[in-house]
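Have the viewer open as you read.

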Amino acid sequence: MFSRLREDIASIIERDPAARTAWEVLTCYPGLHAIVMHRWARWCWTRGMKWLGRFISHIARGLTGIEIHPGATIGRRVFIDHGFGVVIGETAEIGDDCTIYQGVTLGGTSLSKGAKRHPTLERGVIIGAGAKVLGGFIVGEGAKVGSNAVVVKAIPAGATAVGNPAHIVRKEANKQHEEAAARMFAAYGVTPNGDDPLSTALHGLINHAAAQEGQIHKIIAAMKSAGVACEVLPELEKFDPEQLNKLVE
């Protein structure tokens, strides 16, 4: 038990720049307290003492603001940062080295008892603040979920998902990158230089429209110089591609 505790404390110090000493982490980090109390609750739950497991979970929620069902499976070195408002459901599975921020829900969408209703997070997953991961699917190894995202379907390994409903903004191309992503820490699930595909598509459409407008002006000028009469349409508001690109950044 104490070796696991030392391991948890070391992983928190490694991932949180605000953590200064082991004593500070041990005494002041509710995420660590919630994980330790979950181990007690889980021990009771798996040995048939269901009520006692739920009661320990209930006490832990009151002390830490983090609700973890005793039926949930949590791996090693899981870091719940800040933690207030985190809810982890009964059939949720969290792999080693995962990071979960405040306000996260690992919830279920099915009412079937005994079924796999809650998500599985593979090793190294990061779930940003306020994100909701709902359903019995898998979030792949090293994946990241941005703050306030609502995830209702599986996320591939090494991918980053943002938005409501969540969509993939980045996926590593090969296994080597996936392994590197699984080891990389990204605060709140934010990935530097991660391009949103919707934003990229809009930029492309705007630039394409601007190019077409320029081409049309050239065609009209050529027709007029050749003496071809062109109908003059009422002028519309000037098309400003730079302004539109700024709006969708």
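The expected span of a helix is 1.5 Å times one less than its number of residues. Helices (H or I, at least four residues) and strands (E, at least two) are DSSP runs, numbered from the N terminus. The model is a predicted one, in which local features need pLDDT of at least 70 and side-chain atom pairs count only at pLDDT 80 or more, while totals for chains, interfaces and linings use all residues. Residues are numbered from 1 along each chain as its sequence is written, and side-chain values use heavy atoms, with hydrogens and water left out.

**Helix α1**

Let's start with α1, which covers residues 2-15. Its 14 residues reach 20 Å from the first C-alpha to the last, close to the 20 Å expected at 1.5 Å a residue. Which residues of α1 are buried? They are L5, D8, I9, S11, I12 and R15, where buried means under 20% relative accessible area, exposed over 50%, and partly exposed in between (1.4 Å probe, protein chains only). These residues cover an arc of only 165° around the axis, which puts them on the same side of α1; the arc is that of the directions from the helix axis to the C-beta atoms. The face turned away from that buried side carries the exposed residues F2, R6 and E14.

**Two open sheets**

Strands of a sheet pair through backbone hydrogen bonds, either parallel or antiparallel. Here, two strands pair if DSSP finds at least two bridges between them.

Strand β2 runs parallel to β5 (residues 93-94), and two bridges join them. Within this pair, T73 stands opposite E93.

I74 also belongs to β2. This isoleucine is buried, with a relative accessible area of 15%. The C-alpha atoms of I74 and R39 are separated by 8.6 Å, although the two residues are 35 residues apart along the chain.

Another open sheet contains five strands, ordered β1-β4-β7-β10-β13, and its pairing is parallel. Here β1 (67-68) and β13 (150-151) take the edge positions; each has a single partner strand, so one side of each is left without a neighbour in the sheet. Two bridges connect β1 with β4 (residues 87-88) in the parallel sense, and I68 stands opposite I88.

**Salt bridges**

Side chains of opposite charge can pair when their charged atoms come close. A salt bridge is counted when a side-chain nitrogen of Lys or Arg lies within 4 Å of a carboxyl oxygen of Asp or Glu. How many salt bridges does a search of the whole structure find? The search finds nine, including these:

| Pair | N to O distance |
|---|---|
| E7 and R77 | 3.1 Å |
| E93 and K116 | 3.3 Å |
| R123 and E141 | 2.7 Å |

Take E7 and R77, whose side chains meet in a salt bridge. E7 lies in helix α1 and R77 in the loop between β2 and β3 (79-80), so the pair ties together parts that are 70 residues apart in sequence. E7 is partly exposed at 22% relative accessibility, and R77 is partly exposed at 22%. E7 and R77 also take part in a network of salt bridges with R76 and D97.

E93 forms a salt bridge with K116. This pair links distant parts of the chain, with E93 in strand β5 and K116 in the loop between β7 (105-107) and β8 (120-121), 23 residues apart. E93 has a relative accessible area of 35% and is partly exposed; K116 is partly exposed at 35%.

R123 and E141 likewise meet in a salt bridge. R123 sits in the loop between β8 and β9 (126-127) and E141 in the loop between β11 and β12 (144-145), 18 residues apart. R123 counts as partly exposed at 33% relative accessibility, and E141 at 27%.

**A nonpolar surface patch**

Finally, have a look at W43, M49, W51, L52, F55, I59 and L63, which make a nonpolar surface patch of about 730 Å². Patches are made of residues with over 30% relative accessible area and no salt bridge; like charges are joined within 9 Å, and nonpolar side chains (Val, Leu, Ile, Met, Phe, Trp, Tyr) within 5 Å. Accessible areas come from the Shrake-Rupley method with a 1.4 Å probe, and for residues only the protein chains shown count as cover. Helix α4 (residues 50-64) gives the most to the patch, with five residues. F55 is found in α4 and is partly exposed, with a relative accessible area of 37%.
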